[in-house]
Amino acid sequence: MVSFKSACILLGWVNNINARSHHSIRGNGGLNRLEKSKADADTGLDITEDVEFWTRMMQVGSIPLSPRPTRRPTRRPATSRPTPRPAPRPSPEPIGKPTPIPVTPEPSLISTPSPISSEPTPQPTLIATPEPSMISTASPTLNPATPAPSPSPILITPEPSPAPSIITPAPISAAPTPEPTLISTPEPTPAPVTSEPSASPTVSTSAPTFPCNLTPEDRALQLRELYAAFSNDALFDDPTTPQAQALDWITNEDTLTICPGDNSCHPLQRYVLAVFYFATNGGAWDQCNAPSDFNDPAAIEEANNNCERVVTPFAVPNERVGDTSSDAWLSPSNECEWGGVACWGADTPNLNLCVDQLDFENDGIAGTLVDELGALDSLRFLILEQGDLTGSIPTTYGLLDRLLILDLDFNNVGGQLPDEIYGLPSLQQLDLNDNLFTGTISPLIGQLSLLTFFQIDHNLITGVIPTEMGELEQLRIAFLSDTNLSGTMPDEVCANRNNTNPPGNLGVLVSDCAGNPPPVVCTCCTSCA
């Protein structure tokens, strides 16, 4: 035990030394090891340990009964920068049970000071920080011989457990550090923002787009209904008929799509011309046959190059479309551009691009005349001479109110000339020579008031020449020879001759007035056969 007197002596000595030490530290920023050794040498005593020991005891206020601590300092807390002054005395009792801090998915690794004990902590404690923070250094700077406990003891469980590490936050020092230590942790990645999923995945599907805004089935049905008004519907069910072939081409092969809702003449006349093509041996014509492949530009170009037919020009006052064009039939151009076809022009708005002329002469057309041509009410010129057409003239041709010329000569068309033909109000030329027509010339012929040219020679017609023919005041040329006609040329007809007084318009009148006796007695004929 140290006597009270000795303690007092030492206390005075210590105070003196502390004063010197404090003055030296304030003036020089602290003694280094060399200066400290020199001071000890001046005193002649090695009192370094005693002075430090008694100094600590005097600060604590009591003299410990435990042995003196070792000179090895406890491992300092890991701080970025030491504080200039010691922190206040730590709490003598450990802080109560700390609140567990949940560990974030990606904790930052921060070296945290371990509690000061007789043995250094082997490794720093892992502290999970949810986000970067400004952490003030709370641990005091200790002299190497200071064994005092850390100002912020950390309670660490001795055994690992499923629960997160228990961390006690360090108390804030009485005097803040000059600069807080910025410990940066990786910025947490924000969770992606996603819309709340629906109960079942929504499949975004847009309605398919079809030509004419109709499904293929509906379009085919409506086209059939449209064309059934001009063709016998039963013919569509026989794939060998021209009507069925035309409907199939319009519906499935024509690349110039036809819509049934189109109110122009385009949908109907394209179908009618297709029926005509298939009915007249189209594909075996001398020229203007359809392309071998409707989707092959090379095949289309080749077909167009093999078509040079243009329509016969007529001195009509209106504009016309296609009168100089010669595209192949069934090609993907407008049907007005096909060889042998011409249409009305823009100066007749109600008939623009409607068929005006169908003109084939000596092109190898064969087959039969189709009823559907009677649907072309815009047609003025139907010229199909020098072919191999058979059958008869359909009665539907009597619907062609605008028809000016009907020219079917040098074919094999036969049968009775339909009465409907005599009802064509605009007809000016009826050219039927060199065919197989039978029957008689109807008295209805007098209705053709605008007829200027009538040629029916070289046919098998019989009977007499009707007197109503004398009503044809505009008639200029009439060929009635090489037939089976008989009787006498009516005076009403002879009265229209251009050599009468007053003169008429009939300049050419030919009949079977030759022979003895002649089949036809004619005193006014210009020529007898």
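A residue counts as buried under 20% relative accessible area, as exposed over 50%, and as partly exposed in between. Leu353 has a relative accessible area of 34%, so Leu353 is partly exposed. The structure described here is a predicted model.

**The chain overall**

The chain has 529 residues, and buried residues make up 38% of them. Its secondary structure consists of eight helices and 19 strands. Of the contacts between residues at least 6 apart in sequence, 56% join residues at least 24 apart. The chain has an accessible surface of about 29800 Å², and carbon and sulfur atoms account for 55% of this surface.

**The largest nonpolar core**

The largest nonpolar core contains 80 residues. Trp329, Leu358 and Ile393 are the residues with the most contacts inside this core. Two or more core residues come from each of H4, H5, helix H6 (266-279), strand E4 (341-344), strand E5 (355-359) and helix H8 (491-494). The element that gives the most is H6, with nine residues.

Which residues does Leu358 touch, leaving aside those up to four places away in sequence? They are Leu273, Phe276, Trp329, Gly340, Val341, Leu373, Leu379, Phe381, Leu382, Ile383 and Leu384.

**Two helices in contact**

Helix H4 covers residues 216-227 and helix H5 covers residues 242-253; the two pack at an angle of about 145 degrees, and their axes are 10 Å apart. The crossing of H4 past H5 is right-handed. On the H4 side, the contact is made by Arg219, Ala220, Leu223, Arg224 and Tyr227, and on the H5 side by Leu247, Ile250 and Thr251. Sorted by class, these contact residues are five nonpolar, one polar and two charged.

**A buried loop residue**

Ile441 sits in the loop between strand E12 (436-438) and strand E13 (453-455). Is Ile441 buried or exposed? With 4% relative accessibility, Ile441 counts as buried. Not counting residues up to four places away in sequence, Ile441 touches Tyr422, Phe454, Ile461, Thr462, Pro466, Leu480 and Leu485. One of these, Pro466, is 25 residues from Ile441 in sequence, with a C-alpha to C-alpha distance of 7.0 Å.

**Backbone features in loops**

Two residues have a positive phi although neither is a glycine: Cys288 and Leu353. The table gives their values.

| Residue | Phi | Loop | Relative accessible area |
|---|---|---|---|
| Cys288 | about 70 degrees | between H6 and helix H7 (297-305) | 1% |
| Leu353 | about 65 degrees | between E4 and E5 | 34% |

Cys288 is buried at its relative accessible area of 1%, whereas Leu353 is partly exposed.

One joins Asn501 and Pro502, with omega about 0 degrees. Pro502 lies in the loop between H8 and strand E17 (508-511). Another cis bond runs from Asn516 to Pro517, and its omega is near -5 degrees. Pro517 is in the loop between E17 and strand E18 (520-521).

Terms used: Residues numbered from 1 in each chain as written. Predicted model: local features only at pLDDT ≥ 70, side-chain atom pairs only at ≥ 80, totals over all residues. Heavy atoms only, no water. Helix = DSSP H or I, 4+ residues; strand = E, 2+ residues; numbered from the N terminus. Buried < 20%, exposed > 50% of the residue type's maximum accessible area, 1.4 Å probe, protein only. Contact = heavy atoms within 4.5 Å. Areas by Shrake-Rupley, 256 points an atom, 1.4 Å probe, with all protein chains shown as cover. Axes fitted to C-alpha atoms, helices over the stretch in contact; angles between N-to-C directions. Left-handed = near helix turned anticlockwise from the far one by under 90°. Nonpolar A, V, L, I, M, F, W, Y, C, P; charged D, E, K, R; others polar. Core = buried A, V, L, I, M, F, W, Y, C linked by side-chain atoms within 4.5 Å.
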